[in-house]
Amino acid sequence: PIPNLDETGMKSIGQISPLESLYIDGSAIPSQSIAGLKPLKLLTRLALINCPNIDDTAVPLFKDLKGLTTLEIRGTAITDAGLATLQKALPRCQISR
């Protein structure tokens, strides 16, 4: 676990170019921190569990993660409307919450 993960930490994670899977649990990262993952072209699986500050403002940022095949957003503040938008933006991605 990475205690106190923040936007800077997410940008650092975004520099690990061979990263294919990322699981974050119990973090207070803000929605805008998702932008730090954009460089991860090989990322196929992303789980954001119990990250209550991830909300619908993150939805446009997820669209940049085109390689995702699995996205878990359990315990986030993403609404049903945000989920529907995500499913349209990432049609090949299995999204669960």
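**Note on strands, core and loop residues**

The side chain of Thr-76 comes to 2.9 Å from the backbone oxygen of Ile-73. The model is a predicted one, and the points that follow should be read accordingly.

1. Strand pairing. Strand β1 (residues 21-25) runs parallel to β2, and 5 bridges join the two. In this pairing, Ser-21 is found opposite Arg-45 of β2. β2 also pairs with β3, again in the parallel sense, over 3 bridges. Here Leu-46 is placed opposite Leu-71 in β3.

2. The nonpolar core. The largest nonpolar core comprises 28 residues, and Leu-46, Leu-48, Ile-54, Phe-62, Leu-71 and Leu-86 are those with the most contacts inside it. At least two residues of this core come from each of α1 (7-13), β1, β2, α2 (59-62) and α3. In soluble globular proteins, nonpolar side chains tend to be buried together.

3. Leu-86. When residues up to four places away in sequence are not counted, Leu-86 touches Val-59, Phe-62, Leu-71, Ile-73, Ile-78 and Ile-95. Among these partners, Phe-62 and Leu-71 are also listed with Leu-86 as having the most contacts inside the largest nonpolar core.

4. Thr-76. Setting aside neighbours within four places in sequence, Thr-76 is in contact with Leu-48, Cys-51, Pro-52 and Ile-54. Of these, Leu-48 and Ile-54 are named among the core residues with the most contacts.

5. Ser-31. Ser-31 occupies the loop between β1 and β2. Is this residue buried or exposed? Ser-31 counts as buried, because its relative accessibility is 3%. Its side chain reaches the backbone nitrogen of Asp-55 at 2.8 Å. The side chain of Ser-31 is also joined to that of Thr-57 by a polar contact of 3.2 Å. With neighbours within four places in sequence left aside, the contacts of Ser-31 are Asn-53, Ile-54, Asp-55, Thr-57, Ala-58 and Leu-61.

Terms used. Residues numbered from 1 in each chain as written. Predicted model: local features only at pLDDT ≥ 70, side-chain atom pairs only at ≥ 80, totals over all residues. Heavy atoms only, no water. Polar contact = N/O pair within 3.5 Å; in protein donor to acceptor, adjacent residues only side chain to side chain. Contact = heavy atoms within 4.5 Å. Pairing = 2+ DSSP bridges. Helix = DSSP H or I, 4+ residues; strand = E, 2+ residues; numbered from the N terminus. Core = buried A, V, L, I, M, F, W, Y, C linked by side-chain atoms within 4.5 Å. Buried < 20%, exposed > 50% of the residue type's maximum accessible area, 1.4 Å probe, protein only.
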